[in-house]
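Q: I have a structure open here and want to go through its packing. Can you walk me through it?
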Amino acid sequence: MRIRHLWPQTTRSAGTPGGGTADDGDRAAGSAVRSRARGAVARVTTAVAGVAVLLLLVAPGEADRLTDPAAFLRIPVDGLLGVLLVIVTPARARRAVALLVGAVLGLLGILKLVGLGFSYFLDRPFDPMADWPFLAAAADYLRQSAGDATANAAVAAAVLIAVVVLAVMAVSFGRLAAVAARRRRAAAATVSVLAVAGLVAGAAGVQIVPGVPVASRELYERVRQAQAGVQDAQTFAGLIATDAFRYLPGEDLLPALRGKDVVIAFVESYGRVALDQPDLAGPTAALLDDAAGRLRASGYTTRSAWLTSPTTSGGSWLAQSTLLSGLWINNQQRYQAFLDSDRFTLPGAFGRAGWRTTSLMPATTEPWPEGAALYGYDRLYTRPDLGYRGRAFGYSVVPDQYTLSVFQQRERTGAPVMAAIPLISSHSPWKPLPELTSWNDVGDGTAFTAAAQAPDAGARTAYRDAIGYSLRALFSYVETYGGDDLVLVFLGDHQPGPEVIGQDTNRDVPITILARDRAVMDRTSAWGWRDGLRPDPSAPVWRMDTFRDRFLSAFGPAEHR
């Protein structure tokens, strides 16, 4: 006999539509809420990823453009082409391709961030093929001016930022690509139209904001930059080999300076801003005019003008090599090519003509054999060679007065000498500054004390004071040790950084020549330079690489003038 179940296998709870239990309904409702939440999170995550990728791709490459919202109205061609590549990739390889494209975009983003730093501090684009030494120089600057801990922290932060940018771009682009892949037809059509518009705008050079192309094509620009670098290397090699003075015999070089000690002094960051801006120019002009009067009373003639430096804010070695080589060395690639060459330099000309040549380089802490060989110095002093035992004064460490004292005691001892001397007490951060002391008390440097400076003085005031110290040390040297046999050329290497100059793109620096021998100064009459230590606004402006040839011509035989 078959027994019937008195209860059905499933029952419906009273008042529960569909017969489910109350718990089942709660679970369903909870699941729906969670599903909607996940959808909302997914949409927000996608939107954030899109914004992150878009901002990094369309951001302008110049720091001064970042405050203009219109400069961000651009078409991200690299990102659009990347999305198209992912869409047409077979499904099994799509995720890997998306991550690879995202990583490439991340690398482009890192280069853009570095480029923004170059734009802000050096007012020029970053060249990934040649400019990495500047990053090492920045770390060295922090190490010397702020200590190892600060430098190490800054390097660690930079590495962390690079890793984060790379990871965020890879993940974010992968997210966007996955969304596009799920809607392949619509995404392909939309992205294709935008990509074509970007390519056409790029080819036509369309701009909404002057100087900022509507088409953001970072990868294309990097490739073009590399091609331009190769072309520039070839051009520069030709410039190195072209030299009207290279094969002149020693007797035809610099005869008008025979018997003179010739000093070329580079005053760190002594830029036109020091004489153009009222808050800086007042004290500096007064110092220069007062010194000019004293030197004139002692029989010196002084003349000044302007040179346009190949760099600004940093890269002093570019300016120094430009002046001494007669080549326009405005990037690291050209500088390295110059170091690898046998270019005939101004110190080399003095050496061939019979001078003993030397350079005192207080900012150089390691041996520099390639520089010594190229310039042909008979003696090159790096910071350890100077024997300084006093306290450190900021980045510069060695006071300019000490450097000049070493030159006087060790090199001006007999036969005529030619010296190239960078004076670096005016190197940022400009605190603390040394006090000028009696030349008889300089000794090993332990006598130097710090000058009183207001603790709350801003960067511009600190810069002005530092320039003032370097100039006073130089003028004091001339008044103490000058004489009829001294010819001094001093100039700025470049303008100071943006904390002083802002975003002014002017690259002019003052240059002055002085001597007591009137016959020497008569040779410079054709230059049109203005009398005094302070060039007026109408004084001639030469590009810095033209100085070498003009100098060799002015003090050479008549047929070369």
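A: Contact here means heavy atoms within 4.5 Å. Keep in mind that this is a predicted model.

Q: OK. What does F551 touch, leaving out residues up to four places away in sequence?
A: F551 touches L254, L257, L346, F350, V489 and W527.

Q: Which residues touch the most other members of the largest nonpolar core?
A: L257, F490, F547 and F551 do. That core has 111 residues.

Q: And which helix gives the most to this core?
A: Helix α16, residues 459-481. It gives ten residues.

Q: What other core lies apart from it?
A: One of 27 residues. Among them are I75, L108, I110 and A215.

Q: Back to F551's helix. How many residues of α19 are buried?
A: Six of eight, so α19 (residues 547-554) is mostly covered. The buried residues are F547, R548, F551, L552, S553 and A554.

Q: What covers them?
A: The cover includes two helices, α10 (316-325) and α12 (346-352). It also includes strands β10 (486-492), β11 (508-515) and β13 (541-543).

Q: New topic: R272. Where is it?
A: R272 sits in the loop between β5 (261-267) and α8 (273-276).

Q: Buried or exposed?
A: Buried. R272 has 11% relative accessibility, and the cut-off for buried is under 20%.

Q: What does R272 touch, again not counting residues up to four places away in sequence?
A: R272 touches W306, Q495, N506, D508, V509, P510, P537 and V541.

Q: Now helix pairs. How do α2 and α6 pack?
A: Helix α2 (residues 77-88) and helix α6 (residues 184-204) pack at about 145°. Their axes are 9 Å apart. The crossing is left-handed.

Q: Which residues meet there?
A: From α2: V77, L80, L81, V83, L84, I87 and V88. From α6: R184, A187, A188, V191, S192, L194, A195, G198 and L199.

Q: How do the residues of that contact divide?
A: Into 13 nonpolar, two polar and one charged.

Q: Last one, α5. What should its 35 residues span?
A: Helix α5 (residues 148-182) should span 51 Å at 1.5 Å a residue. The end C-alpha atoms are 51 Å apart, which agrees.

Q: Which residues of α5 are buried?
A: A151, V165, M169, A170, S172, F173, G174, A177, A180 and A181.

Technical notes. Residues numbered from 1 in each chain as written. Predicted model: local features only at pLDDT ≥ 70, side-chain atom pairs only at ≥ 80, totals over all residues. Heavy atoms only, no water. Axes fitted to C-alpha atoms, helices over the stretch in contact; angles between N-to-C directions. Helix = DSSP H or I, 4+ residues; strand = E, 2+ residues; numbered from the N terminus. Left-handed = near helix turned anticlockwise from the far one by under 90°. Nonpolar A, V, L, I, M, F, W, Y, C, P; charged D, E, K, R; others polar. Core = buried A, V, L, I, M, F, W, Y, C linked by side-chain atoms within 4.5 Å. Buried < 20%, exposed > 50% of the residue type's maximum accessible area, 1.4 Å probe, protein only. Expected span 1.5 Å × (residues − 1).
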